[in-house]
Amino acid sequence: MSAGRGSDMQDSLSLMQFHDPYLYSGSAGSANLPLSHPFSPHHHQGFVDNCTGKDVAEFVDPATTTAAEVSSDEQELAVSKEVSEGGGGGAVVVEVEERNDATTARGGELEAHGVRMIALLMESAVAVSVGNLADANSMLLELAQMASPYASSCGERLVAYFTKALAARLMSSWVGICAPLAPPCAAVHAAFRAFYNVSPFARFAYLACNQAILEAFHGKRLVHIVDLDVVPGGALQWLSLLPALAARPGGPPVLRVTGFGMSRSALHDTGNQLAGLASKLNMPFEFYAIAKRPGDVVVGAAVADMPSRRPGEALAVHWLRHALYDAAGDDGATMQLVQWLEPKVLTLVEQERAGAAPGDVGGGGGDHGHFLDRFVSALHHYSALFDSLGASRPSELDASRHLVEQGVLGREIGNVLAVGGPSRSGRGKFGCWQEELARHGFLRAGGVGRAQLVAGACPAGLGYTVADDHHGTVRLGWKGTPLYAVSTWAWCPSPHGQAHR
């Protein structure tokens with residue numbers, strides 16, 4: 001990158017950061033260390049400890065620990081002082097010992113309760129996997145009495161949602177229903193917006209993707225973004241990108257955005273928000289709404305649903321993959337559309353649920369393979385997510401956190417376990433999109449500084465981790481557990497494609 005280009009890019013990114021002061025107020029700290037702990041879905045002791053409240057060395061916050069130790073030392077010092085001065089020390093010592101005994105007993109009860117919940121949950125999953133529906137039903141009935149989605153313990157809330165998902169899977173096994181129901185669009189959008197505000201993971205992913213798109217659009221006067229699924233985030237991602245594009249030297253480009261989604265109202269709202277912002281920025285703007293899934297579009301000599309191409313236009317494709325519903329339709333048809341678009345850059349955000357299925361390395365979503373494999377990988381993935389939410393929003397009365405857990409994480413858990421996610425919707429699904437992109441003519445387009453940019457935005461002192469690999473994939477995690485992967489790809493055009501451009 002030339003010095004002038006680097007300066008231009010830095011100016012654009014600086015404005016992009018200024019546009020969202022809440023996101024970029026943090027500084028890089030100890031939480032931004034690379035992911036260094038290997039993740040094995042077959043070791044669930046860490047989750048048991050987290051569920052029961054038992055301390056785990058690698059999860060301890062040094063600041064919290066120090067404060068607790070100081071408080072304990074001060075209490076013991078005060079007691080010792082009263083005893084040495086003869087001020088009724090015997091009564092104080094007895095009172096403190098009784099309080100400590102009660103606390104210890106309460107802690108033991110909570111730990112035993114947590115261990116019992118996890119044991120029952122694992123046993124019920126095994127019973128479901130082998131078709132022992134009667135025993136699974138009995139255990140799930142007991143779990144339903146033990147775990148509440150409103151509990152103060154993040155582990156208990158997680159068990160409650162897994163119990164609900166297993167119960168739905170049990171019902172599916174009995175009556176033969178396995179296709180996921182289309183969720184209400186407004187509910188999904190509200191829950192995902194809460195997720196965006198409560199947890200930084202979506203913002204981190206958007207930041208990494210937007211930087212890649214800015215780099216791909218450098219120097220281009222005609223630019224086009226194709227969002228393969230608008231509904232969850234709506235305009236959230238692009239509201240941060242437009243000011244950065246408008247601040248480029250020489251003025252803003254001519255921007256077109258094409259959004260896919262099953263909800264016409266969500267597409268309409270997104271278009272209106274972006275058009276309003278573009279007008280304030282004096283940016284020429286067009287929005288095209290396609291109320292379909294990308295896998296439902298028929299690719300031929302021309303695609304009737306897509307706007308016509310413009311000579312010299314730089315095109316970016318963005319896809320935030322999730323398990324909220326089947327957003328793409330048939331993956332093979334979606335790949336044909338992406339190839340037909342021949343994007344200058346493709347940004348892909350995927351969940352990392354390790355060990356879900358052979359060949360699903362690098363964040364394929366974990367919706368394939370045997371049920372028990374999906375269960376174990378989902379348990380580790382979502383236990384880390386619930387833990388991160390509990391750390392950032394600890395109040396048990398936090399309505400926003402409950403909306404995220406119920407409307408985003410709980411819905412995803414239900415799809416992954418009860419119906420196997422979109423992979424059991426009757427449409428063809430890939431095991432790993434990153435592998436398929438490499439097979440279908442795409443090359444990894446790693447960039448310098450994306451992981452550092454995201455790490456600089458991490459809230460310090462909590463436990464969020466950012467790392468990248470030699471391919472340029474940015475991995476977002478929590479306390480050493482990778483949770484989301486952001487990869488960037490470039491279409492390697494054929495001679496026909498080069499001439500046609």
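Predicted model: local features only at pLDDT ≥ 70, side-chain atom pairs only at ≥ 80, totals over all residues.
Let's start with strands S5 and S9: strand S5, residues 345-351, runs antiparallel to S9, and six bridges join the two. When I say that strands pair, I mean that DSSP finds at least two bridges between them.

Residues are numbered from 1 along each chain as its sequence is written, and side-chain values use heavy atoms, with hydrogens and water left out.

Back to S9, then. Across from Tyr484 in S9 you'll find Gln351, and Leu476 stands opposite Tyr484 too. Strand S6, residues 442-444, is also antiparallel to S9, with three bridges joining them; there, Leu443 has Ala490 of S9 as its bridge partner. Then there is S8, which pairs with S9 in the antiparallel sense over five bridges. S8 and S9 make a hairpin, with two residues between them, and in that turn Lys479 has a positive phi of about 50 degrees.

How covered is S9? Mostly: 10 of its 11 residues are buried. Buried here means under 20% relative accessible area, exposed means over 50%, and partly exposed is in between, using a 1.4 Å probe and protein chains only.

Please keep Lys479 in view, as we meet that residue again among the salt bridges. Which residue forms a salt bridge with Lys479? The partner is Asp387, and the closest N and O atoms are 3.7 Å apart. Asp387 sits in helix H12, whereas Lys479 is in the loop between strand S8 (474-478) and strand S9 (481-491), so this pair ties together parts 92 residues apart in sequence. Asp387 is buried, because its relative accessible area is 10%, while Lys479, at 21%, counts as partly exposed.

The criterion, for the record, is a side-chain nitrogen of Lys or Arg within 4 Å of a carboxyl oxygen of Asp or Glu. By that count the structure holds 15 salt bridges.

Another one to click on is Arg256 with Glu313, whose side chains meet at 2.8 Å, N to O. This pair links distant parts of the chain, 57 residues apart: Arg256 is in strand S2 (residues 254-260), and Glu313 is in the loop between strand S3 (285-290) and strand S4 (314-320). Why does Arg256 count as buried? Because its relative accessibility is 2%. Glu313 counts as buried as well, at 9%.

Compare that with Asp296 and Arg293, whose side chains meet in a salt bridge at 3.2 Å, N to O. Asp296 counts as partly exposed because its relative accessibility is 26%, and Arg293, at 16%, counts as buried.

Let me finish on helix H12. The helix covers residues 371-392, and Asp373 lies in it. With a relative accessible area of 29%, Asp373 is partly exposed. If you jump to Ser129, you go 244 residues along the chain, yet the C-alpha atoms of Asp373 and Ser129 are separated by 9.7 Å. That's my tour, and I'm happy to take questions.

Key:
Helix = DSSP H or I, 4+ residues; strand = E, 2+ residues; numbered from the N terminus.
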